Amino acid sequence: MKRTVTFMPDGVKREVESGTLISDAASAAGVEIKLPCAGRGRCGRCGVTIGETRGERVLACQHRIEADMTVWIPTPEDRGKVVAVRDHREIALDDRTPISTGKGVAIDIGTTTIALEIVDMDKALGLYSSSTENRQVERGEDILSRLQYAEEGGTAELRELVVASVNDLLYTCVGGTKDVSHVWVSGNTVMQEIFAGNDPSYLRRPPYMPENPVPSMAPGHGLELPEGCGFSFSPSPASFVGGDVMGGIVFSGMDRSDGMCLLIDVGTNGEVALGNREAMVVCSSSAGPAFEGAYLKSGMVSRTGAIDSVRIIDGVPSYTVIGGADPEGICGSGVIDLVAQLSGGGLVDKKGSFTSKAALVDGRYEVAPGIGISEDEIKNIILTKAAVFSAARTLVRSLGIAFGDLEKVYIAGGFGFFIDLASAVSIGMFPDVPRERYEYLGNASLGASRSALLSKGFRDRLDSLIGRTAYVDLSSDPAFYDEYMSAQFLPHTDASLFPSVRY
């Protein structure tokens, strides 16, 4: 029997016999679908979506046409939305006591980016990981704007958007998700509440605490996962410090440390934690999404085409681009480098204003043609880095210690791993302590979700941490305001805090 398949977005139609593979039908229609693994279904990179509303994602080399069908071929823009990596590595654990058998899904729900990992819980193997933009950015780029939207009746839509984002990632999963038995979620408190199906708007009001530190997943979750799949969440101690930070604390090991340790989660909320095995204090600085591409004309997330590092020698910039492609914009690590290089080279002053040394194009310093930064954007970056540093210093001073007393400084966050430490210190974002005390954790929130799926000891540590963690509300702390104002310079008004920085 003949079936009609329509390939979008170009609208190419072709009649094929029922049972024909989508990839074969595309070839017959002259529509290009690349098959990197020769159609064996191993690489997962021939994914297409089918249906008038692009509802289901399938592999073109494996899915057969049994009825008239619309097939959507990803455009270059679509492909940039999901970054996927096939994995196969053993995960080191103190103990191997999985929460269930079969496959597990670890998820980090960030305000700007969502990351996911599929693990074999029986063998403690990482199988697959992917990340994408949180579609909720369509309704606000930061937590406060999402809360406002929820209070105006938008909770259901926000949940649909985050579920769709996670489904975008699940669709790309090599090997499918039919045998997934459990999901562990870490994210900030608002993201966890929305994902669980709860209205988060109450978190805007005192006492700024979640009604339940560990939410329960609503029935009918809408995810491309088995109906009987179990869900767990990392605990959240406050409105703006969530399971992502608590998971990061345990993932770093600072909850078992004798010495004082600092954790800085570089993301939209800019959470900071300070403590050891005896006690823990946490806060959120509301840094904003500037380091994730927002508010910058040339800004973009860390993906192929993003400038991720910058150097300026004798006024001439050079750069590297993720994937070796032509530059399309500049991501967070590149922005930090750029501001550091402009400052160190005397092209901007301590307040972020361009000096006469800077050669500008239409008021912007360009790294590549059409890609650069303006004075207003530099000053916005200064505000963002000031929020991060002042939050850390407020916590440290509240315990009567100095940065020099810290045993370790952990840097967490989706792009934190790629930040050049020297650049971050030189702009006054991170404390100026011996570099060997720093440790990059990468996406500690995702790592915590993965570890919680696989280790009872990790789950027990998460449970015990919530009861001995104190939340510091910076919005009502005069000391934070003073610190924040002092940090709005490059690197700081108090040069003694950055002895290694020389301009």
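The following legends describe close-up views of a predicted model.

Local features are given only where pLDDT is at least 70, and side-chain atom pairs only at pLDDT 80 or more, whereas totals for chains, interfaces and linings use all residues. Residues are numbered from 1 along each chain as its sequence is written, and side-chain values use heavy atoms, with hydrogens and water left out.

**View 1. Packing of helix α3 against helix α4.** Helix α3 covers residues 143–171 and helix α4 residues 189–196; helices are DSSP runs (H or I, at least four residues), numbered from the N terminus. The two pack at an angle of about 60°, with their axes 8 Å apart. Axes are lines fitted to C-alpha atoms over the stretch in contact, and angles run from 0 to 180 degrees between N-to-C directions. α3 and α4 are therefore oblique to each other, a term for angles that are not under 35 degrees (roughly parallel), over 145 (roughly antiparallel) or 65 to 115 (roughly perpendicular). In contact (heavy atoms within 4.5 Å), I143, R146, L147, L158, R159, V162 and V166 of α3 meet V190, M191, I194, F195 and A196 of α4. These residues comprise ten nonpolar, no polar and two charged. Here Ala, Val, Leu, Ile, Met, Phe, Trp, Tyr, Cys and Pro count as nonpolar, Asp, Glu, Lys and Arg as charged, and the others, Gly among them, as polar.

**View 2. Contact of helix α5 with helix α10.** The axes of α5 (residues 243–252) and α10 (residues 456–465) come within 10 Å and cross at roughly 125°. That angle makes α5 oblique to α10. From α5, the contact involves M246, G247, I249, V250 and F251; from α10, F458, R461, L462 and L465 take part. By class, there are seven nonpolar, one polar and one charged residues.

**View 3. The largest nonpolar core.** Such a core is a set of buried Ala, Val, Leu, Ile, Met, Phe, Trp, Tyr and Cys residues joined through side-chain atoms within 4.5 Å; buried means under 20% relative accessible area, exposed over 50% and partly exposed in between, with a 1.4 Å probe and protein chains only. Among its 60 residues, L262, L338, L342, M429 and F430 touch the most other members. Helix α7 (residues 375–398) provides the largest share, ten residues. Another core, of 34 residues, lies apart from it and includes I114, C173, M217 and L223.

**View 4. D24 in helix α1.** Helix α1 spans residues 22–29. D24 counts as partly exposed because its relative accessibility is 45%. D24 and R64 are 40 residues apart in sequence, and their C-alpha atoms are 9.4 Å apart in space.
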